[in-house]
Amino acid sequence: MRFIALAVSVIAPASTAYANTLADFAGTWVGGGSIAHRTGPNEKVTCRMVYTPAGADMRVSIRCSRQDGRFEASAHLKQQGTSITGTWSVSGYNADGALRGTRSGNSMNLAVSGSFAGTLALSVNGRTQSMSFTPSGGSEFTRLSANMSR
């Protein structure tokens, strides 16, 4: 469950790190997607994210639910040019770490490190954002993907 919380927590902040579109992401986004398990069927997840821009920084809080409960996470990102750096944490799971990557046009690619590791690919199109998180290592999950809108 901690993996899911991390993956979802980084969805929002990564997409909001575009300096020229921070205002476009401010506010509340709602959406859902699925978690692909290494064994067994996919699992649905629904999320509500609140984006709070502060200059070139973005703070994001997220609450997500799935079949066996819910979790809360937060992230903070900073942008310098096309470079993105930041931190993430998941409440109640003693999970946290760093984010580092770049943006190009409407796409963002981030390396996730810390309590969880993997790659996050993100694309923004108007009022919709799509993401895919792929963990590295032997996670019980193989992919988390989601689409969100305002």
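Mentor: Start with a definition: two strands pair if DSSP finds at least two bridges between them. Keep in mind that this model is predicted.

Trainee: How many helices and strands does the protein chain have?

Mentor: Walk along from the N terminus. The elements run α-α-β-β-β-β-β-β-β-β-β-β. The secondary structure therefore comes to 2 helices and 10 strands.

Trainee: What do the strands β1 to β10 form?

Mentor: They run in the order β1-β2-β3-β4-β5-β6-β7-β8-β9-β10. The pairing is antiparallel. Together the 10 strands make a closed barrel.

Trainee: By how many degrees are neighbouring strands of this sheet turned against each other on average?

Mentor: Stay with the barrel of 10 strands. Ignore strand direction for this value.

Trainee: Over how many bridges do β3 and β4 pair?

Mentor: Pairing needs at least two bridges. β3 covers residues 57–66, and β4 covers residues 69–80. They pair in the antiparallel sense, and the number of bridges is 10.

Trainee: Which residue in β4 stands opposite C64?

Mentor: C64 lies in strand β3. β3 pairs with β4. In β4, the residue opposite C64 is F71.

Trainee: Which residue does a disulfide join to C64?

Mentor: A disulfide is a covalent bond between the sulfur atoms of two cysteines. The whole structure holds 1 disulfide. Its S to S distance is 2.2 Å, and the partner of C64 is C47.

Trainee: How many residues apart in sequence are the parts that C47 and C64 tie together?

Mentor: C47 lies in strand β2, residues 43–54. C64 lies in strand β3. So the pair ties together parts whose separation in sequence is 17 residues.

Trainee: Is the disulfide of C47 and C64 right-handed or left-handed?

Mentor: Look at the torsion about the S-S bond. For C47 and C64 it is about 115 degrees. The disulfide is therefore right-handed.

Trainee: Is C64 buried or exposed?

Mentor: Buried means under 20% relative accessible area. C47 has 6% and is buried. C64 has 1% relative accessibility, so C64 counts as buried.

Trainee: Which residue's side chain does a polar contact join to that of R66?

Mentor: R66 sits in strand β3. R66 counts as buried, at 12% relative accessibility. The contact spans 2.6 Å, and the partner is D68.

Trainee: What percentage of the protein chain's residues is buried?

Mentor: The protein chain has 150 residues. Of the residues, the buried share is 45%.

Definitions and conventions. Residues numbered from 1 in each chain as written. Predicted model: local features only at pLDDT ≥ 70, side-chain atom pairs only at ≥ 80, totals over all residues. Heavy atoms only, no water. Helix = DSSP H or I, 4+ residues; strand = E, 2+ residues; numbered from the N terminus. Buried < 20%, exposed > 50% of the residue type's maximum accessible area, 1.4 Å probe, protein only. Polar contact = N/O pair within 3.5 Å; in protein donor to acceptor, adjacent residues only side chain to side chain. Axes fitted to C-alpha atoms, helices over the stretch in contact; angles between N-to-C directions. Disulfide = S-S within 2.5 Å.
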